[in-house]
Amino acid sequence: MKTLGFQSRSSKQGPRNLALTLTLAAVSLAGVASAQTIRTTVDDNLVTFADVQPMMSQGRVMVPVRGVFEYMNASVVWDANSRTVTAQRGTDVIRLPINSNYASVNGNQMRLDAPASITNGRTMVPLRFLSEALGASVEWIASTRTVEIVTTGTIATIPPALNDTVVAHMSPGIVIPFTLNTKLSSNASRVGDRFTAPLDTSGADQYNRLPKGTTLEGRVSAVSAKIGDTPGALGLEFDRITLPDGSRHRIDGVLHGLDGNSVTTENGKLVAKASSKKDDLKYVGYGAGAGALVSVLTKGNLLTDSLIGGALGYLFGTIDKAKVRDVALDTGTRFGVRLTNDLAFRVPADGIK
């Protein structure tokens with residue numbers, strides 16, 4: 001039987017040299033493994049790369065421009081003279097100059113978190129930006145280090161009458177109001193439970209160019225049931241929005257209040273007040289409402305009873321045991337999502353009236 005790995009040559013190689021050889025081999029194997037740790041799927045199909053693998057750069061997943069976009073039925077052209085990558089899918093056209101912090105999406109300039117670059121002769125592009133700009137939904141699954149791209153129900157299915165579109169933007173700090181479609185509670189919900197919430201336009205046709213009928217998709221990120229004098233708590237995360245035309249866009253935002261202490265109105269949109277910008281807001285079961293929005297200290301994603309109790313004790317002075325309960329968010333509960341990154345989405349070129 002052939003032995004895989006290393007042959008022991010005791011007459012020529014002592015224990016010290018053998019240990020060094022094994023150590024170097026382990027390092028080499030670890031390098032190969034690390035290069036393959038980021039998986040990429042398009043509509044549940046695994047994308048394979050011939051040589052250069054996806055990698056992390058400035059907290060963003062960078063991928064070889066060819067491969068992923070072929071799975072997305074996008075054409076890719078490299079202009080050596082201008083050192084620019086052009087990707088096109090349907091009517092969407094994206095141009096990315098190498099080493100530039102800006103890209104062009106259908107003629108509109110957008111800032112990139114990570115510029116396109118050249119690695120070992122391959123053009124590497126920020127996956128999330130390009131995928132979403134081409135009308136796909138992108139999600140990072142940390143547990144399996146997988147980037148999941150979903151193209152179903154995006155630009156490819158938009159009726160031709162809506163293909164004449166432009167890219168609209170909402171800036172960080174804007175608060176988008178939604179109305180919960182799903183009942184959530186601190187004693188029945190579980191981490192990972194998903195929910196939806198339609199955009200709350202207060203009867204208008206749009207909110208800052210987001211059309212009526214837009215729906216938010218999210219999940220429960222933290223949950224702790226009421227125990228004794230410690231109130232229940234519930235945390236929410238937000239994944240994407242789906243527009244009435246079926247296009248989906250990733251949303252980077254955090255839970256935010258809609259009361260006068262939390263937001264102000266500027267040109268018809270809600271903007272977070274500086275004093276209310278907290279990234280750790282959770283619903284806490286205290287008082288007469290469905291749940292008070294409280295900035296609760298956390299340890300990772302796990303809410304601890306002592307920290308919740310300590311936070312409430314600090315905020316309220318002393319906790320009234322009669323007001324301690326579980327969080328119960330019913331359908332129709334209004335809440336805000338404060339954007340932490342630019343939100344780009346497509347709207348008809350003639351605008352929304």
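**Salt bridges and cores**

Reply: In this predicted model, Arg-240 and Glu-217 form a salt bridge whose closest N and O atoms are 3.4 Å apart.

Me: Is Arg-240 buried or exposed? And what about Glu-217, buried or exposed?

Reply: Arg-240 counts as buried, at 8% relative accessibility. Glu-217 is also buried, at 16%, since the cut-off for buried is under 20%.

Me: How many salt bridges are there?

Reply: The count is four. One of them joins the side chains of Arg-334 and Asp-200 at 2.5 Å, N to O. Arg-334 is in strand β29 and Asp-200 in the loop between β17 and β18, so this pair connects parts 134 residues apart in sequence.

Me: Which residues share partners in a network?

Reply: Arg-194, Arg-219 and Asp-239 are joined into one network. Within it, Arg-219 and Asp-239 meet at 3.2 Å, N to O.

Me: Changing topic: which residues touch the most other members of the largest nonpolar core?

Reply: They are Met-170, Ile-176, Phe-178, Leu-216, Leu-236, Phe-238 and Phe-335, out of 34 residues in that core. A second, separate core has 31 residues, including Ile-38 and Val-68.

Me: What does Leu-216 contact beyond its neighbours within four places in sequence?

Reply: Its contacts include Phe-178, Phe-238 and Phe-335, and also Arg-240.

Terms used: Residues are numbered from 1 along each chain as its sequence is written. This is a predicted model: local features need pLDDT of at least 70, side-chain atom pairs count only at pLDDT 80 or more; totals for chains, interfaces and linings use all residues. Side-chain values use heavy atoms; hydrogens and water are left out. A nonpolar core is a set of buried Ala, Val, Leu, Ile, Met, Phe, Trp, Tyr and Cys residues joined through side-chain atoms within 4.5 Å. Buried means under 20% relative accessible area, exposed over 50%, partly exposed in between (1.4 Å probe, protein chains only). Contact means heavy atoms within 4.5 Å. Helices (H or I, at least four residues) and strands (E, at least two) are DSSP runs, numbered from the N terminus.
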